[in-house]
Amino acid sequence: LKGYVATLTPEALTELRNMPEVKFVEQDGVVTINDQQSGAPWGLGRISSRNAVSNPATYFYDGSAGAGVKIFVVDTGIRTTHSEFGGRATWGANFAGDGQDYDGNGHGTHVSGTSAGATYGVAKKANLVAVKVLNAKGSGSNSGVISGINWVAEQHSSGNGGANGSVINMSLGGGYSEAVNSAAEAAVAAGVHLAVAAGNESTDACNKSPASANGVLSVAASDVNDNFASFSNYGSCTTIIGPGVNVLSAWNTGDSATKAISGTSMATPHAAGTLAYYLGLSSTSYTPAALISKVVDASTPDAINNIPDSATPNKMLYN
């Protein structure tokens with residue numbers, strides 16, 4: 001290849017592109033090490049493979065691994081001292097109304113481990129922020145969830161998001177709520193990327209919030225055999241399918257504790273981590289809509305069996 005590297009003004013670039021001797025001009029890019037993790041949970045292996053995998057599996061990923069991105073985990077809190085997080089997890093805010101700034105349930109720590117844990121996580125260099133909206137029993141109020149979403153949007157808009165972008169993981173949901181959907185949509189309008197659980201009632205996700213909000217990545221679940229999870233919600237309001245059955249990740253009972261659980265809650269952090277992964281990988285900033293399009297375009301089509309509804313996009317998450 002005959003060529004050269006130069007720093008050009010816009011005028012010089014235009015002149016260069018118009019020269020008959022020049023075949024093409026492209027912006028210089030960043031090249032990084034491609035990493036792989038042997039013995040990884042099957043979900044990580046599945047999102048880096050076009051085909052079904054065994055458990056454990058091998059996870060292939062770029063070494064950028066979500067660096068510079070903040071994932072705000074709107075959930076039960078995070079055990080920030082867990083060894084999976086290596087100092088990358090911090091406490092943000094508590095809207096659960098319990099006055100307990102820790103994860104008394106385990107759910108939030110688990111999804112944090114899947115999105116960005118060192119062993120169990122998709123985006124292993126992303127930072128995590130606990131936004132507690134659910135108590136130790138795993139329940140909370142719509143008003144608390146809305147407060148949590150608003151707090152993240154304010155953090156992002158005031159420059160306290162990630163240098164390469166801000167992602168919300170919402171592995172929660174309830175009945176249809178225009179107020180919850182409006183809060184989620186406002187966060188998207190502010191530039192925050194949202195991954196939300198489709199829900200676990202084996203029903204239409206369009207009847208659930210925030211799964212039915214516009215502009216969010218709504219995540220259904222599959223198992224290791226590439227079957228649609230029997231509990232997963234479905235329908236046109238879902239966007240993508242992610243690994244959600246028997247997912248191993250961090251737990252709240254100790255700094256090295258783990259647990260395997262199932263749910264669209266487990267599929268969602270695979271997607272949130274993938275959003276962070278793409279944000280850290282690129283020198284280009286994405287709008288939420290553009291990044292969702294990228295995730296959908298990169299997905300593996302027609303990979304999942306036994307989907308109960310023809311309106312459900314058969315798109316398997318891929319990094």
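**Values against cut-offs**

Tutor: Let us begin with Asp75, which has a relative accessibility of 0% and therefore counts as buried; please keep in mind that the model is predicted.

Student: Where is Asp75 found, and what makes 3.2 Å between its side chain and the backbone nitrogen of Gly108 a polar contact?

Tutor: Asp75 is found in strand S3, residues 69–75. A polar atom of its side chain lies 3.2 Å from the backbone nitrogen of Gly108, and because the cut-off for a pair of N or O atoms is 3.5 Å, the distance is within it. Leaving aside neighbours within four places in sequence, Asp75 is also in contact with residues including His107, Val111, Lys132 and Ser171. Ser112, for its part, is 37 residues from Asp75 in sequence and 9.5 Å from it in space, C-alpha to C-alpha.

Student: How do you know whether His110 is buried or exposed?

Tutor: Buried means under 20% relative accessible area, and His110, at 0%, therefore counts as buried. His110 lies in helix H3, residues 107–116, and, not counting residues up to four places away in sequence, touches Val247, Leu248, Trp251 and Met266, among others.

Student: What is the relative accessible area of Asn169, and which side chain does a polar contact join to that of Asn169?

Tutor: Asn169, in strand S6 (residues 165–170), has a relative accessible area of 0% and is therefore buried. Its side chain is joined to that of Ser171 by a polar contact of 3.0 Å. Beyond the neighbours within four places in sequence, the residues in contact with Asn169 include Ile71, Val111, Ala195 and Pro269.

Student: Turning to helix H7, which of its residues are buried, and why are they said to line one face of the helix?

Tutor: In H7, which spans residues 288–298, Pro288, Leu291, Ile292, Val295 and Ala298 are buried. Seen down the axis of H7, these buried residues fall within an arc of 135 degrees, so they line one face of the helix. On the other side of H7, Ala289 and Asp297 are exposed. The elements against which the buried residues of H7 pack include helix H5 (178–189), strand S10 (217–222) and helix H6 (264–281).

Student: What makes a set of residues a nonpolar core, and how many residues has the largest one?

Tutor: The members must be buried residues of nonpolar kinds such as Ala, Val, Leu and Ile, joined through side-chain atoms within 4.5 Å. The largest such core has 45 residues, and those with the most contacts inside it are Ile71, Leu128, Val167 and Leu217. Its largest share, 9 residues, comes from H6. Apart from this core lies another, of 26 residues, among them Ala93, Val180, Ala183 and Ala213. As for Leu128, its contacts, leaving aside neighbours within four places in sequence, include Ile71, Val73, Phe85 and Ser112.

Student: How do you know whether the protein as a whole agrees with a compact globule?

Tutor: With 319 residues, a compact globule would have a radius of gyration near 20 Å, and the protein has 20 Å, so the two agree. Buried residues make up 51% of the 319 residues. Among contacts between residues at least 6 apart in sequence, 71% join residues at least 24 apart. The secondary structure comes to 7 helices and 15 strands.

Methods: Residues are numbered from 1 along each chain as its sequence is written. This is a predicted model: local features need pLDDT of at least 70, side-chain atom pairs count only at pLDDT 80 or more; totals for chains, interfaces and linings use all residues. Side-chain values use heavy atoms; hydrogens and water are left out. Helices (H or I, at least four residues) and strands (E, at least two) are DSSP runs, numbered from the N terminus. Buried means under 20% relative accessible area, exposed over 50%, partly exposed in between (1.4 Å probe, protein chains only). A polar contact is a pair of N or O atoms within 3.5 Å; within protein, one must be able to donate a hydrogen and the other to accept it, and residues adjacent in sequence count only if both atoms are side-chain atoms. Contact means heavy atoms within 4.5 Å. The arc is that of the directions from the helix axis to the C-beta atoms. The radius of gyration is taken over C-alpha atoms; the globule rule is 2.2 Å times the number of residues to the power 0.38.
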